[in-house]
Amino acid sequence: MFKLIDEIAEVIYVADLETYEMLYLNSSGKRLFQADSYKGEKCYRLLRGKDGPCEFCTNHLLSFDSVYTWRSTNEITNRHFILKDKLVEWDGHVARMEIGFDLTEQEEQEQLLKNKAKGEELVLECLRVLYQTKELEKAIQMILEKTGKFLSAERAYIFEIDGKVMNNTHEWCADHIKPEIDQLQNLPADLIDRWRIEFEKNKCIFIRDMEDIRTQSPEEYRILSSQGIKRLIAAPLYTNQGLAGYIGVDNPPEDLFDQVEPILETLSYFLSSSMDQMHTYRILKDLSYHDTLTGLYNRNRFNEDLEHYAEQDFKTVGVIYLDLNGLKDINDSKGHQFGDQILKDSAKKLQVIFSDQTIYRIGGDEFAILCMNTEKDSFLRTIRELKYLFSHSVDCSGAVGYSWSENPADFQSLLTEADEMMYTDKKEYYRSNPNSSRYRNYFDDRLNLKSVDQLIKAIEDQRFCVYLQPKVLCSTQEVIGAEALVRYISKDGAIEPPIYFIPVLESAMTIKYVDYFVFERVCQIIQDFIKSGSPVFPISVNFSRYTLLDADFLKSILSICDKYQVPRHLLEFEITESADYTDESFLDDMIRDIKDAGFSVAIDDFGVKYANLSLVLNSDIDTLKLDKSMIDSIESNAKAVMFVQSLAYICKTMNIQFIVEGVETQDQFEILKALRCEGIQGYLFGRPMPLSDFCRFLEKNRDLPD
């Protein structure tokens, strides 16, 4: 009987009920558990690899009269059994007999059939999504998600081939997996040359172990392993034009690995038939998001991005609006082709300034820029450059509005703030548009400086010269400084004052060439004074608001100053308090940058339009220059006297030098002296004069009795 039992294919063993000692194990059991001898072994150690009785032991459930049937997976063999247990008499001992029927192949087959059925259900569901979802891109994303989750993969994705490059165009990732789609763009298409051989046979690519390709395909291994891929399967996507890409999954469990292929093959077939439709859809979507004239994003994309960005967590957000002034008039007078070219040129300028930001054309003549996670100083520098290029160009100026916030809570409020600022700027343009003034005609017709080349040639031909006007100490009339003023010498030898050409050079956006020329000439003059041993005092230089907005302004003046080795404290920058298109925040930034570089700063023309006292109180200035208009009637205006006296006191208290401009009469001087004003500038003490006359003036002033 034992010989017969020994030949049975099922595993049969007998163990002592109390001691768990193995009493018998047939040949099938010996082979399965690789046990040549079982004598002295405990059943739980030999058959289960445990150190003590199994927690699921059935001893207490057994009897002599019935068989106890149950199922279990053996941890040592990893095989599935249906077990039949019963109590038996064995050499006078009560023992447990167990017969194990191996159901592994049967269960695996059943599981395979179940998975196949589920796989077919998945494919049918994906096809339903593909053909019922209106948005193809959304349908593909849903298919990848369903496929990835069903296969317990880490990633499911599609790559599309475009000429010599390929791009990851769609991606689904499991919750704990970092997306890779942004890093998988513009990859060389020849990376998958090895795959093409299998794809051309309509076969999938199987990589069961990434280490298998380390030596065979090192570049492929480097890119895949860097993404944490241990195994993958990919199926080809074909269109009428040939191989269009592939669909793949990363790191499915090994026990599901063989089920991936039929699913991907089926999906790839139907996705391939949709590829042409997908490309057409993308073209249409791209057109709906792009402005065909400038190539920038359009209002559709702007609105969609705003909705998306409002849900994101950005450290900072900056919003900029730019509106081109007078484009309609240009279209009417010069034609729409000319106006279109202005729009295209404007778009190119924006792309240079905001190369890392998102730019939109949101209207016929209106642009918007969204700047995410940009530091405030950097943001304001770009605004300054933008204003320099657009605030007053020759053909078409631009109104600028902006807002910036740290950890913004309300996106809409930023948009509203920028929009309101832009329209304020636009009103100022239409209120005072230099393009229509007489200066432009004078500039074009008489001075003949229509282009940058002509202007530079005029500077080289010494048609521009620098005049100096003295500043004197009110108490002693001692010279304490000078202001540099530019003049133009016309071809007939006439000396033209700045009022004839400065507004027009600003309109032509060429004023910076003259400003830098004047600054360099002042540096030469100071250098000559130092070398000759003459008395040296600060000379102030005026800079146009457009030059101040030049992105390279500070770098340029530092280079010129260092070239002539002039001590920086001898150079003073005069900034006009009433400068159009320059808001107070920019003035503050400019003043801080100039002061940090070691120069002095004066606010010029104070009170010419409005008395901006906050500028005096909040900005770190060295000198305040009161405009001539504030003292014209000081002899008969008690309020003017009180105002000047108060301002002189404020400046003295704040250690700010106070200079009164435009002093022309002795009566004015006597009143200002009585009011304890510090400095005087005006025709009473000296008009703007050439350098030679100014040097003679200094000699004469030096010889005056105390």
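## Surface around M654

With a relative accessibility of 32%, M654 counts as partly exposed, a class lying between buried (under 20% relative accessible area) and exposed (over 50%), with a 1.4 Å probe and protein chains only. The model is predicted, so local features need pLDDT of at least 70 and side-chain atom pairs count only at pLDDT 80 or more, whereas totals for chains, interfaces and linings use all residues. Residues are numbered from 1 along each chain as its sequence is written, and side-chain values use heavy atoms, leaving out hydrogens and water.

M654 sits in the loop between α22 (638-653) and β23 (657-661), where helices (H or I, at least four residues) and strands (E, at least two) are DSSP runs numbered from the N terminus.

## Nonpolar cores

The largest nonpolar core has 104 residues, of which I320, F464, F519, L624 and F658 touch the most other members; such a core joins buried Ala, Val, Leu, Ile, Met, Phe, Trp, Tyr and Cys residues through side-chain atoms within 4.5 Å. Its largest share, eleven residues, is supplied by helix α17 (residues 511-532). Apart from this core lies another of 33 residues, including A139, I140, W172 and I177.

## Helix α15

In helix α15 (residues 452-460), the buried residues are L455, A458 and I459. Viewed down the axis of α15, these buried residues fall within an arc of 100°, so they line one face of the helix; the arc is that of the directions from the helix axis to the C-beta atoms. The face turned away from the buried side carries the exposed residues D453 and E460, and just after α15, Q462 takes a positive phi of about 60°.
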